[in-house]
Amino acid sequence: MSRLLIAVPSLGRPYEIEKHTGFWLKQLERYDYRVFVEPRERIYYSQIMPMANLIFTQNDIGLKGQVKCIGNYARENEYEFVMKCDDDMWFLKRG
């Protein structure tokens, strides 16, 4: 089986991600997911996501910096594929 990482860079949307994307991520059993956030938002994201699924980067690095951190994390942990999922994607709870 290929190793796939579903990576979600996020900033300032802990409660929105929970409503629209987080519930879907938490139902995944076959693939790993990680939410990449800035350390200053640890308290907020830790309320809605398991700590094991949070990766803390650096403050003020922007989306480009987050994507770079995702790439580094994927290589270090030997993932073959990475799917970047935006933190504002909507997944319906039906079916």
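Three salt bridges turn up in a search of the whole structure, a salt bridge being a side-chain nitrogen of Lys or Arg within 4 Å of a carboxyl oxygen of Asp or Glu. The model is predicted, so local features need pLDDT of at least 70 and side-chain atom pairs pLDDT 80 or more, while totals for chains, interfaces and linings use all residues. Residues are numbered from 1 along each chain as its sequence is written, and side-chain values use heavy atoms, without hydrogens and water.

**Salt bridge**
- Asp32 forms a salt bridge with Arg3, with the closest N and O atoms 4.0 Å apart.
- Asp32 lies in strand 2 and Arg3 in the segment before strand 1, so the pair ties together parts 29 residues apart in sequence.

**Sheet**
- Four strands form an open sheet in the order 3-2-1-4, with parallel pairing (pairing needs at least two DSSP bridges between two strands; strands are DSSP runs of E, at least two residues, and helices runs of H or I, at least four, numbered from the N terminus).
- Strand 3 (54-56) and strand 4 (81-84) stand at the edges with a single partner strand each, so one side of each has no neighbour in the sheet.
- Strand 1 (residues 4-9) and strand 2 (residues 32-37) run parallel and are joined by five bridges; Ile6 has Tyr33 as its bridge partner in strand 2.

**Pocket**
- The largest pocket is lined by residues including Pro9, Glu38, Ile61, Gln66, Lys84 and Asp87 (a pocket is an open set of points on a 1 Å grid over the protein atoms alone, where a 1.4 Å probe fits, with protein on both sides within 12 Å along at least five of seven lines; lining residues have an atom within 4 Å of a point).
- Helix 3 (residues 62-76) gives the largest share of this lining, three residues.
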